[in-house]
Amino acid sequence: MPSIVDGRITLRGGIDAVFGPVVSRRTYANLAYLFVSFPLTMLYWSLFGFGMIFGTLLSVALVGIAILALMLAVVRALAALERQLVNALLAVSLETPDDVTNRSGVGGRLRGSVDAASTWRGFGFLLLKIFLGIIGVMLAYGVVQGVTLISAVVRRPFDVSFGEVNGEPVTWTVETLPETALAVGVGTILVLLTLHLANGFGYVAERMALALLGEPTEESTAD
């Protein structure tokens, strides 16, 4: 955070506030967590779609009940995986919920999973995480584009691609020195903005995890 002296933000504090995320390991851990969220959520939604559709359609037979019961186990396993990712990459440390009542028999264990609030909280987290995945892909794209623009200082002349509009590629050919200076400036701003957003959405992911995946341990760094 910027340091304040006599009510004014110091130059060093302002520089740290703007450029601090660039040299912070936490920034890149947040970005990594957000980026891997996209392929994981694609997997989650595929599993849920298959399990819910076939489990419901076949619920008149025992096989449908078995599929739905298996989905509960899958939800708890994926929530445990998410807890490990959160503990490894985000600034929190979560404990595994112990609210599943121990009962004998398959039916008893199934009833314990259904009754446990952690099962449904974990399911909610897995469904909501798709939004973090989409954001992660956008942020990763922003970093790549920003670094590409900055590289104009050593790669001039070259074409920068911004995708397609109505089937036509959108490119910018950087050739002159003023164009290079503009590209470097825009790239620097884009990278800085993206890294700040990564920290912001990383914080959102931490709050979601704390609310839905488990209680923080004593050594957790989350506020």
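Is Arg111 buried, exposed or partly exposed? I looked this up before anything else. Arg111 counts as partly exposed, at 49% relative accessibility. My cut-offs: buried is under 20% relative accessible area, exposed is over 50%, and partly exposed lies in between, with a 1.4 Å probe and protein chains only.

**Ground rules**

I am working on a predicted model, where local features need pLDDT of at least 70, side-chain atom pairs count only at pLDDT 80 or more, and totals for chains, interfaces and linings use all residues. Residues are numbered from 1 along each chain as its sequence is written, and side-chain values use heavy atoms, with hydrogens and water left out. Helices (H or I, at least four residues) and strands (E, at least two) are DSSP runs, numbered from the N terminus.

**Salt bridges**

I took a salt bridge as a side-chain nitrogen of Lys or Arg within 4 Å of a carboxyl oxygen of Asp or Glu. The count by this rule is two.

One of the pairs brings me back to Arg111, which forms a salt bridge with Asp115. Their closest N and O atoms are 3.0 Å apart. Both residues sit in helix α4 (residues 105–115), four residues apart, about one turn of the helix. I recalled the general rule: an α-helix has 3.6 residues a turn, so residues three or four places apart point the same way. Asp115 is partly exposed, with a relative accessible area of 42%.

I then turned to Glu82, which forms a salt bridge with Lys129. Here the closest N and O atoms are 2.5 Å apart. Glu82 lies in helix α3 and Lys129 in helix α5, so this pair ties together parts that are 47 residues apart in sequence. I checked the cover on each partner. Glu82 is buried, at 0% relative accessible area. Lys129 is buried too, with a relative accessible area of 0%.

What does Lys129 touch, leaving aside its neighbours within four places in sequence? I counted contact as heavy atoms within 4.5 Å. I found Tyr33, Ser37, Leu40, Thr41, Glu82 and Leu85. Lys129 belongs to helix α5, residues 117–150.

**Helix α3**

I checked the length of α3, which has 28 residues (62–89). The expected span is 1.5 Å times one less than the number of residues.

**Nonpolar patch**

Patches are made of residues with over 30% relative accessible area and no salt bridge; like charges are joined within 9 Å, and nonpolar side chains (Val, Leu, Ile, Met, Phe, Trp, Tyr) within 5 Å. Areas come from the Shrake-Rupley method with a 1.4 Å probe, and for residues only the protein chains shown count as cover. Phe35, Val36, Phe38, Met42, Ile134, Val137 and Met138 make a nonpolar patch of about 580 Å². The elements giving two or more residues to this patch are α2 (25–57) and α5. Helix α2 supplies the largest share, four residues. I looked at Phe35, which is in α2. Phe35 is partly exposed, at 45% relative accessible area.

**Strands β3 and β4**

I counted two strands as paired if DSSP finds at least two bridges between them. Strand β3 (residues 158–165) and strand β4 (residues 168–174) run antiparallel, joined by six bridges. Phe158 has Val174 in β4 as its bridge partner. Val160 stands opposite Trp172 in β4. The hairpin has two residues between the strands, and Asn166 takes a positive phi near 55 degrees.

**Leu149**

Which residues touch Leu149, not counting those up to four places away in sequence? They are Val160, Phe162, Trp172, Ala183, Val184, Val186 and Gly187. Leu149 is in helix α5. Leu149 counts as buried, at 3% relative accessibility. I noted Val184 in particular: Leu149 and Val184 are 35 residues apart in sequence and 5.7 Å apart in space, C-alpha to C-alpha.

**Gly20**

My last entry is Gly20, in helix α1 (residues 11–23). Gly20 is partly exposed, with a relative accessible area of 22%. Gly20 and Thr148 are 128 residues apart along the chain, and their C-alpha atoms are separated by 21 Å.
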